[in-house]
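Reader: I'd like to learn how to read helix packing, a sheet and confidence scores in a model. Could you walk me through it?

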Amino acid sequence: MAQRNNAPGAGVAQPKVLYRKYRPTKLEDVVGQEQITSVLGNSLKQGKVAHAYLFIGPRGTGKTSVARIFAHAVNGFDYQVEDSYLDIIEIDAASNTGVDNIRELREKAIIAPTAGKYKVYIIDEVHMLTKSASNALLKTLEEPPEHVIFIMATTDAYKVPITISSRTQVHTFKLANPETMQAHLRKISDNECIRISDDALGIVVRRGGGSFRDSLSLLDQIASLSDGKNEITAEALNQALGLPEEQAISDILAAYAAQDINKIHQLLQNLINTGIRPETIASELISTIVAVPNPAVLPLLAHLPEVQPPFPEAKLLLALLANNSAHTAPRGANTVITSNLASMPIATSESPAKNEEPSSQGLAIKPSETPPMTSEKQSAPTKPAKTAPKPVSQNFDWNGFIEAVHQVNDAVYNQLLKVNYEYDGATIHLYPDKKFTKSILDKPGNRQIMAQYLGGVALVIHEPGERVLPEDGQISQISAIMGGVQEVKGDLPF
């Protein structure tokens, strides 16, 4: 008769969390991993059991559950979730990483099983073993005792040495697809008398991310919202979890695709005012984009993962405004101003007439819309360029200009990053904020460097404060949503 050690508290009725209550005890009860359970089931029927298995896959997909079921099945043991047989040994590699732990395992593995045919070692997170411990385990895998079976599990298969994985039968567990998970949770909800709408259950499925354990834990958490009479709705669930409504996320993405900054600002302000964290909004945006990829919003994936403290509100706003073609400032300018002033009198000296009032008409905050630099090459007068820089053509390209300067002089480049500019079709006007910046750019040698890459465009460097530039719409909206903070010139703190 098989020897069993009852778990602590056995015989005392205790409420179980859902993921433990509904943990499968037979291979046919495992949901969503049929490609694995069918193979293992056939090997049991045919009596062809390998001496080592490696289960790989994300957390909560059933690796440990299947390992326990299989360990009981090969010995003919009755499997109950709370039982503990002497011939089934579970080891957490994250807590037993050293070579001494594995040496002890090897010494005990030689001893014959107590009741079953096999002594089964289940090693969880096997990738956590040290190199010495892995080498010690390898010796046992190379020449295992006939009565020993190893079942190893890991969430990071690439960290498992190839010398170990190559000596095992590998099975890959996958996250459950939404349809499978929805049906599974619906069945459990009905069994537990949890009244929940399909839309609300869909939120649980999305938040669970295909992990059975995470999904059931979330369902367990929200079960108290149902009193058996009132149904848990999507709206009530969003409020309980502090999540934005699905429609609000869709509206933000639609506004982003339409480049409607005012709408983005309004939607974000509404969500943040209700207490929803920017990180949560970013997470929901990422999940929605990944679930239904749309080329118009895919650029957001490059920025949304960065929405973390400090300044998460600002980071979220900048993520949503960063790729707006009508409002994005190119690298090297905090506020870029382009204007067609061909019909206006332009001062050609370095200090235009003081009584000249700049026109605000036709000014727009936008990136340079000119073609790229010409292919004509020009040698650098100072340090060798990493790649041969190209002079800027008559159709002025600010980004190309400062990058060309960057190749030959870091000091000039760094000061150009701190200026605003205006191009009227014939002359580039630089508006530095500080005298120091102007003094650096005004040096004859530095003017000569810049002239080389202006392609014949005239250069005027104005005095600090000489012109009041239009307010940057992006910064203004960030200021509004964050309570009136002021724009700070130069590098942002994030």
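Reader: At what angle do the axes of helix H7 and helix H8 cross?

Author: Two packed helices are described by the angle between their axes and the distance between the axes. Here, in a predicted model, the axes of H7 (residues 178–191) and H8 (residues 198–208) come within 10 Å and cross at roughly 120°. Axes are lines fitted to C-alpha atoms, for helices over the stretch in contact, with angles from 0 to 180 degrees between N-to-C directions. Helices are DSSP runs of H or I, at least four residues, and strands are E runs of at least two, numbered from the N terminus. H7 and H8 are therefore oblique to each other; under 35 degrees counts as roughly parallel, over 145 as roughly antiparallel, 65 to 115 as roughly perpendicular, and the rest as oblique.

Reader: Which residues of H7 and H8 make the contact?

Author: Contact means heavy atoms within 4.5 Å. Among them are Met-181 and Leu-185 of H7 and Leu-201 and Val-205 of H8.

A note on the ground rules: residues are numbered from 1 along each chain as its sequence is written. Local features need pLDDT of at least 70, side-chain atom pairs count only at pLDDT 80 or more, totals for chains, interfaces and linings use all residues, and side-chain values use heavy atoms, leaving out hydrogens and water.

Reader: How are H12 and H14 oriented to each other?

Author: The axes of H12 (residues 261–273) and H14 (residues 312–321) come within 11 Å and cross at roughly 155°. H12 and H14 are therefore roughly antiparallel to each other. Ile-264 and Leu-268 of H12 are among the residues that meet H14, whose side includes Leu-317 and Glu-313.

Reader: What is the strand order in the open sheet?

Author: The 5 strands run S2-S3-S4-S1-S5, with parallel pairing. S2 (88–92) and S5 (169–172) stand at the edges with a single partner strand each, so one side of each has no neighbour in the sheet. From one strand to the next, the twist averages 15°. S1 (residues 52–56) pairs with S5 over 4 bridges; strands pair if DSSP finds at least two bridges between them. Leu-54 stands opposite Val-170 in S5.

Reader: Where does pLDDT stay under 50?

Author: pLDDT is the predictor's confidence in each residue, from 0 to 100. The chain averages 78, and 76% of the residues score at least 70. Values stay under 50 over residues 6–13 and over residues 325–394. Where pLDDT is low, the predicted coordinates should not be read in detail.
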